[in-house]
Amino acid sequence: MHTDSKIIWARCLLYIRSQISEQTYNTWFAPIVAKDFRDGILTIEVPSQFFYEWLEEHYLYLLKQAVRQEIGEQGKLAYAVIIDQGTKRQKPLVVNLPAYPGAVSSKTGFSQKEPLSDNHIFQFNPNYIFDNLVEGSCNQLAKSAAQAVAKQPGKTSFNPLMLYGGVGLGKTHIAQAIGNEIRNTLSDKKVAYISSEKFTTQFIEALRKNNMQGFTEQYLQVDMLILDDIQFLAGKEKTQEIFFHIFNHLHQSNKQIVITGDCPPRALKGLQERLLSRFKWGLMADLQCPDFETRVAIIRNKVAADGITFPSDLIDYVAQQVNTNVRELEGVLISLIAHASLTKKDINIGLAQQVLKHIVGRQQTNVEISLEMLQQEVASHYKVSLEELKSKTRKKEIVMARQVAMHLSKKYTHHSLKAIGAYFGGRDHTTVVHALHVVDNCLVTDALYAQQYASLEDRIK
Ligand code: ADP
Ligand code: MG
């Protein structure tokens, strides 16, 4: 009966709570809801498959104890796993206790492993500070929100703070500036910065080394978590899952979260809806291309920082010509300065014209990569035919080539997962998602594979 299950579970929780830390309890047990109790089986609902796996891996013994105490030796536990936030429910997954022999001893089950050493998540690039971030209408909102968050992490309504915009517009700069600011003014606060790519690698590594606990704990204990370039988590379901839990945990404990991405949340493809919907809780601030005046100010700042002066007509000229993003602008300034010092010429508009010609020329050869071309490259690299690549065949070498081709398609074209699937013999997007996973994994675990991938990547670029 319904109420029975609630009462039994409440008593289980009482016991569980007495055995573990408050933080662990809140993260892994508070979200569980009792659903049913009949024939000695207590069914509890957990938010995800991942959650279920985590409980089984880390808290099996504890759960077993709790259930035994409340229901008796014959007591069993079943999990109902929520597939998504909608109404779809998986058929309850019945797990007999004890599930696997000797899986968890009371000691190793509860003690926390060492946090991961060898990581730089608490370090910031000292050059990325608010003081040298030129303000313009392009970044005003983002900058002031970031400054507010740096003053009172977790205490403003900008939680999470999501900064988005195209490449080279200052997302990383602002995100790191928050970290640097807090380091200087609120030094007791723990701020972690991690790119999504690194986060994924760490996660896979932790899985491999069986140190998931160390991996998660390092993030659960911070006062602020900055995740840069969230678009890299696209299609990486497991990584999103763990980030989602870290996110929820931190948010519930009023810790600050800052996320950057290359487009607004609604346009982020391959990210779970429930994660995206969390972003609406806070503030989304976009970064735009700086306007002419801001570009001029940026150039002045950069050359001044290098101890150089540019004539102002030159500054205007460069600001006019380079109107894409700040990274590009910096690149041009660096080339200009390098050219001038190597050729011992004056830095003037004539030189700028030469330098820009090179850069524009380079850009023109950089035609957009098409899916067809990519498929051809991959096929010839792995010595399979184009037909085979698009066929239904499950032959090992062909599957591998196909997966790599899909991965490169995702990386180098703007096609959706659905479109990519269609190009590969009418497969659906889940096949593509799977391929992305497989390749991501192989890239981390198999050096030879990674080498081959890199050389293929070079040819495509
Ligand atoms: P993103 O992460 O959005 O791709 P970055 O933060 O890496 O961009 O910025 C690219 C470069 O441009 C960095 O060197 C950064 O310091 C510089 N930059 C971006 N915006 C500004 C700005 N408003 N003022 C000064 N430098 C900037
Ligand atoms: Mg960046």
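Select the strand β5 and show its side chains: L161 and L163 point one way, M162 and Y164 point the other way, and all are buried. Buried means under 20% relative accessible area, exposed means over 50%, and partly exposed lies in between (1.4 Å probe, protein chains only). Helices (H or I, at least four residues) and strands (E, at least two) are DSSP runs, numbered from the N terminus.

This is a predicted model, in which local features need pLDDT of at least 70 and side-chain atom pairs count only at pLDDT 80 or more, while totals for chains, interfaces and linings use all residues. Residues are numbered from 1 along each chain as its sequence is written, chains are lettered from A and ligands numbered from 1 in the order in which they are written, and side-chain values use heavy atoms, with hydrogens and water left out.

Two strands count as paired if DSSP finds at least two bridges between them. Pick V258 in β8 to see the bridge partner of L161, then I259, which M162 stands opposite.

Now select β9, which pairs with β5 in the parallel sense, again over four bridges. Here D286 is the bridge partner of Y164.

Zoom out to the whole sheet. Its five strands run in the order β6-β7-β8-β5-β9, with parallel pairing, and the sheet is open. At the edges are β6 (191-195) and β9 (283-286), each pairing on one side only. From one strand to the next the twist averages 15°.

Axes are lines fitted to C-alpha atoms, for helices over the stretch in contact, and angles run from 0 to 180 degrees between N-to-C directions; contact means heavy atoms within 4.5 Å.

The remaining stops are in loops. Most residues other than glycine have a negative phi, and most peptide bonds are trans.

- Select N159 and P160: a cis peptide bond joins them, with omega about 0°. P160 lies in the loop between α6 (140-151) and β5.
- Select N210, in the loop between α8 and α9 (212-220). Phi of N210 is positive, near 60°, and N210 counts as partly exposed because its relative accessibility is 46%.
- Select N254, in the loop between α10 (237-252) and β8. Phi of N254 is also positive, near 55°, and at 56% relative accessibility N254 counts as exposed.
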